[in-house]
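Please look at the model shown below before reading on. The paragraphs that follow begin with a pair of packed helices and then widen to domains, chains and confidence.

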Amino acid sequence: MRFFVTVHTPLALSLSKGRLRLYRPSTSLRSARGARAVGRERLRFFLLLLSLFSLAAAAAEPAPVTDPKTGFDFGSYGRVGVGSDLRGHEGFSTNVVSHGSRLEEAPYLELDFYYTGLIGGDAQKRWRVVLSPAFAGGDLFHYSGSFTSHLALRNAYVETQNLGLAGLRIWAGSRIYRGDDLYLFDYWPLDSLNTVGAGVAYTFRKYEIAIHGGLNRLDDLYQYENLTQPPRGLGPTIQSTVLDRPRFVASLKLSKQFGESPGAKVALYSELHVLPSGDYIRPDNMLKQALPGDLGWVVGAQFGGWLRPSVFANLWLRCAGGLAAYGELTVPTGLDPTRKVSDAREVVLALSGNYESKWVGVMFASYYRRFVDATPGGFNPASYHEGILSVRPQVYFGKYFHSAVELSYQSRRTDGPDYVANRVLVPQIFRFSVLPLVSPLGKGTYSRPIIYAIYTLSVVNGDARIAQYDPSDYRYGQGVAHYLGIGAEWWFNSSYR
Amino acid sequence: MVVQLKLSLTRYSVALIAAYVLAQLGHIPRRMLPRFAVGALALNATEYARTLILLTTILFVAACGSDALDSGFRTTPGQTGDWRDEVIYQLLVDRFGNGDLQNDVNVNPGALGRFQGGDWQGVIDHLDYLEALGVTTLWISPVVRNLETDANFDSYHGYWQQDFVHVNPHFGSLSKLRELVQTAHAHNFKVILDIVTNHTAQLFYYDINNNGVPDENVYGAGCGEAAPADKMACPGGALISHITEYDPDFDPNGVRGYTSLGFSGAAPIRWLYIPEIDRMPTLPGANAGQALATQTLFQNENWYHKKGRITDYSIRDQVLTGDFPGGLKDLNTELPEVRAALAAVFARWISAADFDGFRIDTLKHVEHEFWQDFCPKIRKFCAGQPLADPTQADPSATVPALSVAKQKFFMFGESFDGDDDLDGSYTMNQEVDSVFFFPQKFAVFDRVFKHGAPTTAIETQINTKAVKYSAVASSDGIGVPATQALVNFLDNHDVPRFLFDKPSLPALHSALAYLFTEDGIPSLYYGTEQEFAGGNDPTNRERLWDTGYRTDGETFQFIHRLIQIRKAYAPLRRGDIKVKWSTAHVGVEQDAGIFAFERTAEGHAVLVVINTSDSQTSETSTASSGGNQMTTDFSAGTELIDVLAPSGTPNQLTVGPSGALTVSVPSRGAKILVPSRDVMGIQ
């Protein structure tokens, strides 16, 4: 049995059989969202689900351990590339949507360290520690000459498997916690959380329920304020913590797989964000300002199907409101007059897929996203529609030498006029990329590592340039942009689980 | 587990005695004693440990103190003395003695505009020096927390208050302040606290152009035209003016917003937030539980007049409602809530450290009605009544009544003005008990003793005093009227030292002779005894420790002698004053520079004759030019002894018929003549 969660590959596989009938909320429940009575009914629904899973679990067989290895292990994801715009500048990425083509993304590296052990000598029961330092930002010493890096610890958690109950996983720590992605856009459209918390996942037959809760507290006056105050006596100033309000984020994911190969899956997903109230002191005038408590929510679903592991398609729908519309690691860009973000919304409809044959592979992905900022008013330039469509066919010239072509179109339309142009902008970009590549592990659009050369031609309309660049920026005048470069990407034994 | 009885009893005794002592000293409430007793008797190990912990905690608190004001600190029973018996010694804490090197933070040795390191421990350490000098009352510079530094000058003086209720850590802790007062009281010194009710430090600015930052701007289009009605007035008719938003010029309508387009309404004030130097909103600025909230108490902008800096001291409105130059923001003392808060915060200092009086800064910059409210409140508080405290969260909170009433709490103010009418007005109507005698400083010590003006000016000043100052003691005040209790001084921290203007020790000594023999209360500025000669601020604020606290100097010994004489002879302290000789002569006349007066009390009299002439020996007579000789109130044949004369020098005179007496005094000399029957031995 395998998780439905993948990170760097969208292949979500489930091999067991089974069916799940989900309890459907009543019509009144759906229409009276937010009411207290509805909350109680939802709780009952949730408890009922838990009960059903518990009953089923009692009859479940022990889940086989995915990875039989114990001891130290290592994995990694990484990408490194460099290019030129053929006009004497560093090559640059051309995107106007929130999640555009990943081809010219800045270098990024994750180093995954694992240590796995058995519990009580039972090969079915394991524990493991996962540590994943990550370097981001493209600050390669050999490029910048600067001996500094942006280093973050993306994973630092402990997990147990099958301890106490077959199919049960318990974890706690700091973790990237997410599901399937749109590889072409480096985008997780439904469930993608960065959390410090804990979770429980239980898999039986072909069902899975995963619950998680965690906290985050961004280093921003929205959630945290540390003021310097005069010394108590003589000596250094002291620090005063005025505001400290971590956001609680909880998620629940229910999954069901149908069939083996071919097969299908359905996942229902929800998040709850709770931000307590607090006070902060405006640094400019030291006036105390109340920050009310706030909420966020996500509901969404994923539908996937596959003919075989390399031929699949996924469809996602995500609806988010309040805090969750901005994401868990983002400070809201706009507040309503009560300093809340209740009216913020995000709707995402995304599609991705992959096809493989002996000589050709094709990746495709697309999403539409509607984002509504919490700031009142119908002409808010922070609210927008955006979408992108991309296809990447890849031809295999033998086992190791391939060539891919990526075609994409993307556009965004804001609700309000641009601050510079004084009109609503509709940035649009058409991109065409060619990637001759070497794949040491053979064929497959997801076969990694790869070493590639890349040329991208981007047709960037005027609105896209106005929206993104100051007139003094050399890119402002480039209606046609080039990128010629080389790169490499790899993943192996990555910490997707 | 049971501890040994012998050990327990021993420690019990020690603990109980210590607790009793602490209670007597006021460090802990007496009601705690029974708990000590019960706790210490316990033989159970837990209770025993609890007792020791409690005692240790209390001892630690007593040793370390805290900076919070609380009530009940008393070192002496209620004050009962006559303030005319006192000799005040004004000291700047930062300059008097450096007893604690731990608080030498941001000290810049030798740069007198910056902190030098003096502290309350330094005062404690050198009380013997002051005892040797003979002064009896210590007037210490303000104790409250200040804005640290402003325009590259430090608040070593203490007058830039930012926090009314906490001590300035440069000088020590509250417990150290208490120790100072306690130790001083034990050495029979009284201690006077310097307070400021008129203003706070430069803690906010006027955002005249409303751009949210403090600017220094030049307005106007040059000179040569009359100012348009809608444009900012320019000094001297000039149409260009330089305005700093920290300290803009006085505007009777309140500082107004202004840009090149004209006025734009009241300029908002904006507090500054620089915690490194305590440039923070004034405290207390919030009730308990509302820490950091603004817009309350002393952070309420309505508590300030907001009219800008005084530019013309002849305009009463400016003096009363303008900011003190340097950007010291003027409190709106007309408001009842401001009055109540100021009375409460300063009453708490009386309670916290057992002070014996207030020296009140910038008296004339606050309206009479304030003092008619403030002074009676303080007197009633000292008499044992609680005082409403609006700085506390509880609306019914009070500054608790003193456990022992404090009588004759002395309040005297600084009305820095040569106008007797103005200065005297503050002694009327139950306002302050006394004021600094600035008119005398200007008219007598400066004009006569420094610059050789006729001594008739002294007589004029004495006569003026009798009618311009209150002749009625305030209710619950010090028991004597202002006319008898004016605070006399040669110089202070705000004016050049005597020797700066007149670099002559004989001249200084003649002035000192008058200071310590005239009626009123003498106030000696620290360092005078060491012959300091600094000019204007800050050079007149020298470090005393550079002198090594020598007590064998000529001036030190002369002052010591004068004080001993004043202490020995009641007429010099409490007697009426009657001028016996003054003269308009300042040249070579027989009596040039002579001034003589009698002090009489309870049937005893002392005759003082001073020669202010720099050039000649003069006499109390003009007989050589056909005039008269001085007539005293002594009976003929009375033998007078000059108790000031150095031993071994002629010091005896005999009163002639009808009290006639010619006293010859060398240039810049002085004689203190006491009937031989009253002469006492003086150390």
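**From helix pairs to chains**

In chain B, the residues B:Arg339, B:Leu342, B:Ala343, B:Ala347 and B:Ile350 of α9(B) meet B:Phe370, B:Asp373, B:Phe374, B:Lys377, B:Ile378, B:Phe381 and B:Cys382 of α10(B), where two residues are in contact if their C-beta atoms, placed from the backbone, lie within 7 Å. By class, the residues of this contact divide into nine nonpolar, no polar and three charged; Ala, Val, Leu, Ile, Met, Phe, Trp, Tyr, Cys and Pro count as nonpolar, Asp, Glu, Lys and Arg as charged, and the others, Gly among them, as polar. This is a predicted model, in which local features need pLDDT of at least 70 and side-chain atom pairs count only at pLDDT 80 or more, while totals for chains, interfaces and linings use all residues. Residues are numbered from 1 along each chain as its sequence is written, and chains are lettered from A and ligands numbered from 1 in the order in which they are written.

Two packed helices are described by the angle between their axes and the distance between the axes. For helix α9 (residues 336–353) of chain B and helix α10 (residues 368–382) of chain B, the angle is about 35 degrees and the axes are 10 Å apart. Here axes are lines fitted to C-alpha atoms, for helices over the stretch in contact, and angles run from 0 to 180 degrees between N-to-C directions; helices (H or I, at least four residues) and strands (E, at least two) are DSSP runs, numbered from the N terminus. The crossing in which α9(B) passes α10(B) is right-handed, a crossing being left-handed if the near helix is turned anticlockwise from the far one by less than a right angle, and right-handed if clockwise.

On the α12(B) side the contact is made by B:Pro439, B:Gln440, B:Ala443, B:Val444, B:Arg447 and B:Val448, and on the α13(B) side by B:Ala457, B:Ile458 and B:Gln461. The residues of that contact divide into six nonpolar, two polar and one charged.

The axes of α12(B) and α16(B), in turn, come within 10 Å and cross at roughly 140 degrees, and α12(B) and α16(B) are therefore oblique to each other. In this right-handed crossing of α12(B) past α16(B), B:Phe445, B:Phe449 and B:Lys450 of α12(B) make the contact with B:Ala507, B:Ser510 and B:Ala511 of α16(B). The classes represented in the contact of α12(B) with α16(B) are four nonpolar, one polar and one charged residues.

How is chain B divided into domains? Its assignment gives domain 1 (5–64), domain 2 (83–201 + 335–565), domain 3 (205–282 + 294–312) and domain 4 (574–678), with bounds that come from an automatic or database domain assignment.

Between the chains, the contact takes 16 residues from chain B and 13 residues from chain A. The side of chain B that touches chain A consists of nine nonpolar, four polar and three charged residues.

Some backbone details also deserve a look. A cis peptide bond with omega of about 10 degrees joins B:Asp537 and B:Pro538, and B:Pro538 has its place in the loop between β20 (521–525) and α17 of chain B.

As for confidence, chain B averages a pLDDT of 88, and 83% of the residues score at least 70, pLDDT being the predictor's confidence in each residue, from 0 to 100. Over residues 287–294 of chain B pLDDT stays under 50, and the model has 19 contacts beyond four places in sequence for them. Chain A averages a pLDDT of 87, with 86% of the residues scoring at least 70, and the model scores ipTM 0.71 and pTM 0.77.

Note on methods:
Parallel < 35°, antiparallel > 145°, perpendicular 65-115°, else oblique.
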